Structure formats: C-alpha cells, structure tokens
Amino acid sequence: MSRIGKKPMVLPKGVTVAVDGVQVKVAGPKGTLVRELHPSVKVKVEDGQVVIERAVEDRIARGQHGLSRTLISNMIQGVVEPFKKSLEITGVGYRAELKGALLNLQVGLSHDVNHPIPAEVTCQVEKMTVVHLTSPNKELLGRVAAEIRAYRPCEPYKGKGIKYVGERIRRKEGKTGT
C-alpha cells in the first residue's frame with residue numbers, strides 16, 4: 001500500500017472538490033483546475049477530506065495511487081496559494097521584455113525569441129533580467145519555465161544564459177596557455 005496514497009487530504013476553507021468518474025475538479029479562491037486521473041484510482045470526498053483508493057490491485061494501480069494523491073494535493077495547494085518560479089538571465093546584452101502575452105528574449109541568438117505565455121500563467125519581468133512566473137497549475141508552470149530556460153541554458157565557462165533563481169551552475173576553468 002502506498003504510504004503517500006493512504007494519507008487523506010484536508011480541504012482548506014473555500015476549496016471545493018468535485019469528482020465525476022475519472023475527472024477531478026478543484027475550485028478555490030485563486031482559480032479552478034481540472035484533471036483526469038487513471039481509471040484504476042477512485043477519489044472520494046467525505047467529511048472535508050479527499051481520500052484516494054485503488055479500484056483494483058495490480059501494478060499500474062499501485063503506481064497511480066501515490067501519484068494521484070500528489071497531483072490532487074498540488075491542485076488543492078495551487079488554488080489556495082499559486083506556485084511561483086523565477087528565472088534569472090545573465091550575460092552582456094541578454095534581456096527579457098513582456099509584450100502582451102509574449103515574452104521577448106534577447107539571449108545572444110541571431111534573432112529575438114518570442115515565447116507565448118499561456119493564459120493560466122502570470123508573467124512579470126523585473127529589471128529586464130529576472131522573470132517571475134506564477135500559476136495555480138504546478139505542472140504547466142514547470143513546463144513553461146523549462147521551455148524558457150531551454151532557449152539558452154547557462155554555460156559552465158562564463159555563466160551566461162538563463163537559470164532558475166537559486167540554481168547553482170558548476171563552473172569550469174577553461175583553457176590555460178601552454
């Protein structure tokens with residue numbers, strides 16, 4: 001039995017969970033999230049708590065039990081207090097600018113990169129070098145942040161590129177003359 005999957009989740013004040021077959025809908029003060037779970041998992045809402053149970057006892061159900069509990073827990077947490085990720089841009093001439101729903105990045109390429117920001121994600125640019133992303137959907141937030149970072153990951157010699165705030169870049173010494 002999954003230790004994580006067995007734990008019931010207490011619903012905070014103002015959060016409602018609706019279960020319709022395999023679809024779970026979580027509504028709260030900061031938004032509404034919908035997710036379809038694997039059919040081998042059953043979700044029940046009782047006495048202000050959400051309980052996850054397995055419909056069958058097989059390998060797939062055991063794997064989905066803890067995963068489903070964590071996904072629903074993240075949904076509940078996100079509609080109460082949105083998740084936040086920050087990216088830092090380092091390098092001479094490297095900058096970011098928000099133009100409507102597009103994030104314009106100048107990161108040393110021959111052209112500017114215009115990355116679309118989904119409607120569920122809020123983007124703010126601070127001092128043209130720090131990008132703050134917030135969203136109640138943790139999965140979408142992580143994907144958007146990873147896509148932005150992938151345009152120019154930090155390189156180990158000069159440290160130029162895009163990195164998460166707090167991420168440590170392992171630096172290399174470089175060539176030495178003989």
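**Cysteines, strands and charged pairs in a predicted model**

Trainee: Starting with a cysteine: is Cys 123 buried or exposed?

Mentor: Cys 123 is buried, with a relative accessible area of 11%. Keep in mind as we go that this is a predicted model.

Trainee: And what about Cys 154, buried or exposed?

Mentor: Cys 154 counts as buried because its relative accessible area is 14%, and the cut-off for buried is under 20%.

Trainee: OK, how many disulfides are there?

Mentor: The count comes to zero disulfides. Cys 123 is in no disulfide, and the nearest cysteine sulfur, that of Cys 154, is 18 Å away. Looking from the other end, Cys 154 is in no disulfide either, with the sulfur of Cys 123 as its nearest at 18 Å. For the pair to count, the sulfur atoms would have to be within 2.5 Å.

Trainee: Thanks. Switching to strands, how do S3 and S4 run?

Mentor: They run antiparallel: strand S3 (residues 23-28) is joined to strand S4 (residues 31-36) by six bridges.

Trainee: What do S3 and S4 form, and how many residues sit between them?

Mentor: S3 and S4 form a hairpin, with two residues between the strands.

Trainee: If I want to find the pairing on screen, which residue in S4 stands opposite Lys 25?

Mentor: Look for Val 34 in S4, which stands opposite Lys 25.

Trainee: What about the open sheet of three strands, what order do they come in?

Mentor: The order is S8-S9-S10, and the pairing is antiparallel. The edge strands are S8 (95-99) and S10 (113-116), each of which pairs on one side only. From one strand to the next, the twist averages 25 degrees.

Trainee: How many bridges are there between S8 and S9?

Mentor: Five bridges, with S8 and strand S9 (residues 102-106) paired in the antiparallel sense. In S9, Leu 103 is the bridge partner of Leu 98.

Trainee: Where else does Leu 103 turn up, say in the largest nonpolar core?

Mentor: Leu 103 is listed among the residues with the most contacts inside the largest nonpolar core, together with Ile 89, Leu 105, Val 131, Leu 133 and Ile 148. That core has 20 residues.

Trainee: Which elements supply at least two residues of this core?

Mentor: Strand S7 (83-90), S9, strand S12 (130-135) and H3 each do. H3 gives the largest share, five residues.

Trainee: New topic, charged pairs. How many salt bridges does a search of the whole structure find?

Mentor: Six salt bridges. Let me walk you through some of them. One joins Arg 143 and Glu 147, with 3.6 Å from N to O between their side chains.

Trainee: How far apart are Arg 143 and Glu 147 in helix H3?

Mentor: They are four residues apart in H3 (residues 138-150), so about one helical turn separates them. Arg 143 is partly exposed at 46% relative accessibility, and Glu 147 is partly exposed at 34%.

Trainee: Which residue does Arg 149 meet in a salt bridge?

Mentor: Arg 149 meets Glu 167, at 2.8 Å from N to O. Arg 149 lies in H3 and Glu 167 in the segment after strand S13 (161-164), so this pair ties together parts that are 18 residues apart in sequence. Arg 149 is partly exposed, with 22% relative accessibility, and Glu 167 is partly exposed too, with 21%.

Trainee: And which residue meets Lys 44?

Mentor: That would be Glu 53, in a salt bridge of 3.1 Å from N to O. Lys 44 is partly exposed at 37%, and Glu 53 also counts as partly exposed, at 31%.

Trainee: Last one: where is Arg 54 placed?

Mentor: Arg 54 is in strand S6 (residues 49-54).

Trainee: Buried or exposed, that Arg 54?

Mentor: Buried, with a relative accessible area of 13%. The side chain of Arg 54 makes a polar contact of 2.8 Å with the side chain of Glu 57. Another polar contact, of 3.4 Å, joins the side chains of Arg 54 and His 65.

Trainee: Great, I'll go and find those on screen.

Terms used. Residues are numbered from 1 along each chain as its sequence is written. This is a predicted model: local features need pLDDT of at least 70, side-chain atom pairs count only at pLDDT 80 or more; totals for chains, interfaces and linings use all residues. Side-chain values use heavy atoms; hydrogens and water are left out. Two strands pair if DSSP finds at least two bridges between them. Buried means under 20% relative accessible area, exposed over 50%, partly exposed in between (1.4 Å probe, protein chains only). Axes are lines fitted to C-alpha atoms, for helices over the stretch in contact, and angles run from 0 to 180 degrees between N-to-C directions. A salt bridge is a side-chain nitrogen of Lys or Arg within 4 Å of a carboxyl oxygen of Asp or Glu. A polar contact is a pair of N or O atoms within 3.5 Å; within protein, one must be able to donate a hydrogen and the other to accept it, and residues adjacent in sequence count only if both atoms are side-chain atoms. A nonpolar core is a set of buried Ala, Val, Leu, Ile, Met, Phe, Trp, Tyr and Cys residues joined through side-chain atoms within 4.5 Å.
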